[in-house]
Amino acid sequence: MSSIDWWFPPEPCTEDPIAFMTSHISTGPESGMACRTTGPRATGRGGRPPYLVWLVPVLWTLTLGRWGLSRQDSVWRDEAATWQVAGRSPGEIWHLLGNVDAVHGLYYLLMHVLFEVFGASTTTLRLPSVLAMAGAAACVALIGRRLAGFWAGLGGAMALGLLPAVQFQLQEGRAYALVAGGAGLSTLLLVSLLAPRAPAGRPAGPARRAWPRWTAYGAVVLVCALLNWFSLLILPAHAVTLWWARAGRRDIGRWLLASAAAVTGALPLIVFSGTQSGQVSWIPPLTWHMLIGPAALVAIGAFGAWADRWNGPRRCPGRPRPVRPRPARLTAAAVGLPLLAVPFLGLTAASLIRPVFLDRYVLFSMLGLALLIGAGLGAAVRTLAPRSAKASAVLVPAVVGVSVLAMLPVELADRSPASRVDDVLAVAGEVSRLKRDGDAVLFVPAARRDTALVSPEAFAGLADVALARGPVESGTLKGEESGPADIRAALRERQRVLLVTDAAGTAKPRGAQADRAKAAVLAADFAVVEDRQIRGRRVTVYERR
């Protein structure tokens, strides 16, 4: 075997269907039979263990995820919601979901189990996201290898962990990385059903063990929808893949059945969470500049889809091109481009009705971008191989190495507390240092009470004079506060007050009447004796004049 064949063994001639049934025969083109049919998708060829294509990306992603996982022992407000809810009992979580955050219910229950088993820590909070994204990388690797070759699968999976959006969510104590992992698995199942692989010398029967995988496909889509129902945007993306690959009626029918089951299962959550839509009222209306980033990503993906043409089957030497057009086949472009573009388009369309455009809602679309980047790398290796097999062998590792260095500022920034809006643990430590027994504590807005819920020991001995009903008792995230008159009366009985609020650069105007009452009493009857700002939050100590 030549050095080129070591990396790119000849593939079957698509003009001759008998070639697929005689893949063990190796003859020259003059015999009129098919070329040797060991393609780049073959298992274990060229001295490469079959597991290498997914194991390396999994270890790579785990390494990126474990690097700086604690972010200097910081937890920001979104993660604080996960932390405090995971510490409640299942009954208390159920009570909460009836009032707020129903869309995150399954994730909260999962994190409750993990906190009970492993204890509350930043590792327990974030490691599920790391593991899920490692699973997503494995899925990208397997899909890319099946559709475009070894280097496409390996390169795409390695690129996934370096994408800025993935870098951010890789170490986030929220459900978005878990959804991405499920999206990778559902896409891998779909690819295995549309492009079945049989052992050498045997045809791949379309109905062979199909129903269990279709059932698994529908179940995975449903679980992802229960984690975040915007993940259902993967279904129109898969529909475009089916159309692009000219799937048969049987496959389309089974896909429709599995998809309908998943949507039906998620429909009660979708309807009920609509009654809690006030939670996302802070999201700004869609503007054109918000689409610049997604448009750039789609353009990069489109280039990878164009390059994927060079990853197709190679024609046997000496054979004329067929007169009839070749039948459509499943390609990396057919899977990756819809997975990248369609969720962004769906989220954009939804945002025209109600502002919901947050790219983390469609984080799973980054799997499509990674797959297309891998296809482009695979095409580059394939083009370079006839000129220099050695250079082609190091192309993907070299590109990954350069990318790591180029992305180093992003990688370091995402692993620092400054990458998030605030840090509830840091401000809790400051409160612990400044407090005195018998002091009052106020939170403006009331949602900043999350720091006391995550670190209750730091607030021991302080009187939360504005709180009427606690978060657990009221089934809320921040509790229920007393009216302005009661807050004024409680404050006038105190000599010293600690105010926990946002840092000056991130604080918003005080809209609630209770918050305005707090500010008015502090300004009229108290004087500032100490003021500390740390990692996006602020602690101000007041003493009575």
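Predicted model: local features only at pLDDT ≥ 70, side-chain atom pairs only at ≥ 80, totals over all residues.
The chain has 22 helices and seven strands. Residues are numbered from 1 along each chain as its sequence is written, and side-chain values use heavy atoms, with hydrogens and water left out.

Some totals. Of the 545 residues in the chain, 51% count as buried. Buried here is under 20% relative accessible area, exposed is over 50%, and partly exposed is in between, using a 1.4 Å probe and protein chains only. The chain exposes about 24000 Å², and carbon and sulfur atoms supply 64% of that. Those areas come from the Shrake-Rupley method with a 1.4 Å probe; for residues, only the protein chains shown count as cover. Taking contacts between residues at least 6 apart in sequence, 79% join residues at least 24 apart. A contact means heavy atoms within 4.5 Å.

Now the sheet. It is open, has five strands in the order β2-β1-β5-β7-β6, and its pairing is mixed. Which strands stand at the edges? They are β2 and β6, residues 526-534 for the latter; each has a single partner strand, so one side of each is left without a neighbour in the sheet. Two strands pair if DSSP finds at least two bridges between them.

Let me start from β1, residues 440-444. Two bridges join β1 to β2, residues 463-464, and these two run parallel. On the other pairing, β1 and β5, residues 496-502, are also parallel, over five bridges. Ala 440 has a bridge partner in each: Ala 463 in β2 and Val 497 in β5.

How much of β1 is buried? Five of its five residues are, so the strand is largely enclosed by the rest of the structure. In a regular strand the side chains alternate between the two faces of the sheet. In β1, Ala 440, Leu 442 and Val 444 lie on one side, Val 441 and Phe 443 on the other, and all are buried, so both faces are covered.

At the other end of the sheet, β6 and β7, residues 537-544, run antiparallel and are joined by eight bridges. Within that pair, Gln 533 stands opposite Arg 538 in β7. Helix α22, residues 513-525, packs on the sheet and touches β1, β5, β6 and β7. The direction of α22 makes about 130° with that of β1; axes are lines fitted to C-alpha atoms, for helices over the stretch in contact, and angles run from 0 to 180 degrees between N-to-C directions.

Two single residues next. Asp 450 is in helix α19, residues 450-454. Asp 450 is buried, with a relative accessible area of 6%. Leaving out residues up to four places away in sequence, Asp 450 touches Arg 77, Ala 80, Val 424 and Arg 537.

Thr 287 sits in the loop between α12 (249-273) and α13 (292-307). Thr 287 is partly exposed, at 30% relative accessible area. Thr 287 and Leu 352 are 65 residues apart in sequence, and their C-alpha atoms are 9.7 Å apart in space.

Last, Leu 142, which lies in helix α6, residues 122-148. Buried or partly exposed? Leu 142 counts as partly exposed, at 33% relative accessibility.

Conventions
Helix = DSSP H or I, 4+ residues; strand = E, 2+ residues; numbered from the N terminus.
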